[in-house]
Amino acid sequence: MLKRSFDLSIALVLLVGLAPLLALLALAVRLKLGRPVLFAQTRPGLHGAPFEFYKFRTMSDARNAAGELLPDAARLTRFGELMRKSSLDELPQLFNVIKGDMSLVGPRPLLMEYLPLYSERQARRHEVRPGITGWAQVNGRNALDWDERFELDLWYVEHRSFRLDLGIIAMTAWRMLRPQGIAQPGHATMSKFTGSRHGREN
């Protein structure tokens, strides 16, 4: 209850305080990348329940000769890369926090298609609401391999506390000033998860 009250209070304050910035970012995305301004995708939340996840759009609609979208890394624009480095593209997730789909702090929501690929232990990341930031994000972010990332997520699940959340928020603010681990080489973010190298038992 304390965590939810804290999430709601901070998200509301940030949305009000950052309203001019959100409007400017929306306009910039519209001018640079066109419509839609927001990227929306179904992601798994608490207990794996699906919800609509929001970000500012950072990629173009560039396609090959066959009309197929180019790989993510090829469609990520310089403007979009700047948005990602500064984490400004994540700000619309404050609406997800207000709706109750997400928390300020928790494991990042991944893709629905990954759900059947998790080991029993990895699936425990869904015992809490996903977060805008999390323990993995302040300890390597997308530069981590999948097993490292999941272990950090699970450490958070097993040690979560209000004090830890405050520490992660403070560390996130510092990381925003010195961004690193934005993406793995050759990828817009991370390589696709295809299952744990340790198998289903874990």
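Reply: Start with Ser87. Ser87 is buried, with a relative accessible area of 16%. (Buried means under 20% relative accessible area, exposed over 50%, and partly exposed in between, with a 1.4 Å probe and protein chains only.) The model is predicted, so local features need pLDDT of at least 70 and side-chain atom pairs count only at pLDDT 80 or more, while totals for chains, interfaces and linings use all residues. Residues are numbered from 1 along each chain as its sequence is written, and side-chain values use heavy atoms, leaving out hydrogens and water.

Where does Ser87 sit? Ser87 is in the loop between helix H4 (78–86) and helix H5 (93–99). Ser87 is not a glycine, yet its phi is positive, at about 65°. Most residues other than glycine have a negative phi, and most peptide bonds are trans.

Asp89 is in the loop between H4 and H5 too. Which side chain does Asp89 meet in a salt bridge? The partner is Lys55, at 3.2 Å from N to O. Asp89 and Lys55 are both buried.

Compare the loop between S1 and strand S2 (50–56), where His47 lies. His47 has a positive phi of about 60° and is not a glycine. His47 is exposed, with a relative accessible area of 65%. The peptide bond from Arg35 to Pro36 is cis, with omega near -5°.

Next, other salt bridges. A search of the whole structure finds 13 of them. One joins the side chains of Glu113 and Lys192, at 3.2 Å from N to O. Glu113 lies in the loop between S3 and S4 and Lys192 in the segment after H7, so this pair ties together parts 79 residues apart in sequence. Glu113 is partly exposed, at 44% relative accessibility. Lys192 is exposed, at 55%.

Now step back. The chain has seven helices and four strands. In order from the N terminus, the elements run α-α-β-β-α-α-α-β-β-α-α. The radius of gyration is 17 Å, close to the 17 Å of the globule rule for 202 residues, so the chain is as compact as a globular protein of that length. (This radius is taken over C-alpha atoms, and the rule is 2.2 Å times the number of residues to the power 0.38.) Of the 202 residues, 42% count as buried.

How far can you trust the picture? The chain averages a pLDDT of 89, and 92% of the residues score at least 70. (pLDDT is the predictor's confidence in each residue, from 0 to 100.) Confidence is lowest in helix H3 (residues 72–75), at a mean of 79, and highest in strand S3 (residues 103–105), at 98. Where pLDDT is low, the predicted coordinates should not be read in detail.

Conventions
Helices (H or I, at least four residues) and strands (E, at least two) are DSSP runs, numbered from the N terminus. A salt bridge is a side-chain nitrogen of Lys or Arg within 4 Å of a carboxyl oxygen of Asp or Glu.
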